[in-house]
Amino acid sequence: MKAYEITNAGAKGRLALVDRPQPKPGPGEILIRIRATSLNYRDLLTVKGGIGGANKRGLIPLSDGAGEVAEIGSGVTRVRTGDRVCPIFTPGWISGRPAARTAESSLGGGTVDGMLREYAVAHESAVVPIPSHLSFEEAACLPCAAVTAWNALVAVGHVMSGDTVVIEGTGGVSIFGLQFARMCGARVIATTGSEAKIERLRQLGASDVINYKTTPEWDRRVMELTGGEGADHILDVGGAGTLARALQAVRAGGFITVIGLLSGMNGEINPLGILFRAAHVVGIRVGSREMFECMNRAISVNQMRPVIDRVFQFDEAPEALEYLASGKHFGKVCISV
Ligand SMILES: NC(=O)c1ccc[n+]([C@@H]2O[C@H](COP(=O)([O-])OP(=O)(O)OC[C@H]3O[C@@H](n4cnc5c(N)ncnc54)[C@H](OP(=O)(O)O)[C@@H]3O)[C@@H](O)[C@H]2O)c1
């Protein structure tokens, strides 16, 4: 089968197309014919360096894929040949609290091969069925970005109709955050660094959009827009450069979910800000299979569709990665396999 491996891991990391033996499912396992994958910011860090110190040379990257079950191993009862499935981000995290060593055991990032290949073997417990109205490309957007946004807003934040949600930027996690917030009847204040993306954010239901480049003190604008109360939920994908502002923009007793590090990893936080606001500041590690299944029920009932910016072909995988790095995308970038 064809697969991409990381070569020259580190800053000069890049993808090489290789031939690998087609895997065989063992007892309790299934063989999946991968039909589509999607890219996450994490994949850039994995290929180009930036996550942990592990040498990623030879690893097949990308956590997110969707496909159909081509073969089942002995004893498999949860899925059947022909079923459309997505492997879950962290195979060992079925429900409850995050599994230990989540980072190492997640697909395409630690030491476990990811989805940028034609076939993959998974344990039958580590997949979920795809909502029937979604294409393989749309389903491939779900395992990391969508589950992360769902975990932050719904599982942790218990978002309610009438709440105000702030999303930062227009990447995969944030656009899912916007869609889930609107699905739950919440108001969305969006930020972006691109004037060209403002209209699309409004079309998706953002009531207000703040350009964080021309309005760097976006926290003040959030306070104005909420009558001095602050937002109920802030999905913080910015990290060091945005968390302090999120603490100024959250309402008393509100939630800040610490998701990403787009603006850096090392920052200083004044604990008084958390204390005075009685803020819930919670780290997010994607989510469990149970969260994925719960989210898929909501996606099916609401016939929600992921927002795909562009679909690349399998032989264009390096170009797809470069496109993600450019930050021009709105929502998700996919690769058809
Ligand atoms: N903790 C978890 O479980 C988890 C799961 C998934 C992702 N993440 C992390 O979450 C972050 C987003 O991931 P993603 O895959 O959604 O990324 P992505 O699709 O690559 O999104 C990048 C977008 O973020 C916006 N952005 C960049 N710098 C920003 C800044 N300083 N402030 C606000 N927005 C900024 C830009 O949008 P505009 O052009 O609109 O400004 C950019 O296009 C990454 O750090 C990723 O590692 C964490």
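Mentor: Helices are DSSP runs of H or I with at least four residues, strands are E runs of at least two, and both are numbered from the N terminus. This is a predicted model, where local features need pLDDT of at least 70, side-chain atom pairs count only at pLDDT 80 or more, and totals for chains, interfaces and linings use all residues. Residues are numbered from 1 along each chain as its sequence is written.

Trainee: Okay, which residues of α4 meet α10?
Mentor: Ala146, Val147, Trp150, Asn151 and Ala155 of α4 meet Met291, Phe292 and Met295 of α10. By type, that contact has seven nonpolar residues, one polar and no charged. Here Ala, Val, Leu, Ile, Met, Phe, Trp, Tyr, Cys and Pro count as nonpolar, Asp, Glu, Lys and Arg as charged, and the others, Gly among them, as polar.

Trainee: And at what angle do the axes of α4 and α10 cross?
Mentor: Roughly 85°, with the axes of α4 (residues 142-156) and α10 (residues 289-301) coming within 10 Å. Axes are lines fitted to C-alpha atoms, for helices over the stretch in contact, with angles from 0 to 180 degrees between N-to-C directions.

Trainee: New topic: which residues have the most contacts inside the largest nonpolar core?
Mentor: Ile32, Ala146, Val147, Ala149, Val165 and Val188, in a core of 94 residues. Such a core is a set of buried Ala, Val, Leu, Ile, Met, Phe, Trp, Tyr and Cys residues joined through C-beta atoms within 7 Å. Buried means 20 or more other C-beta atoms within 10 Å of a residue's own, exposed means 12 or fewer, and partly exposed is in between, with C-beta atoms placed from the backbone.

Trainee: Which helix gives the most to this core?
Mentor: α4, with nine residues.

Trainee: What about Val85, buried or exposed?
Mentor: Val85 counts as buried because it has 22 C-beta neighbours inside 10 Å. Val85 is in strand β5 (residues 84-87).

Trainee: Last one: which residues are buried in α1?
Mentor: In α1 (residues 41-48), Tyr41, Arg42, Asp43, Thr46 and Val47 are buried. The buried residues of α1 pack against β1 (2-7), β2 (14-19) and α11 (317-326). Just after α1, Gly49 has a positive phi of about 100°.

Terms used
Contact = placed C-beta atoms within 7 Å.
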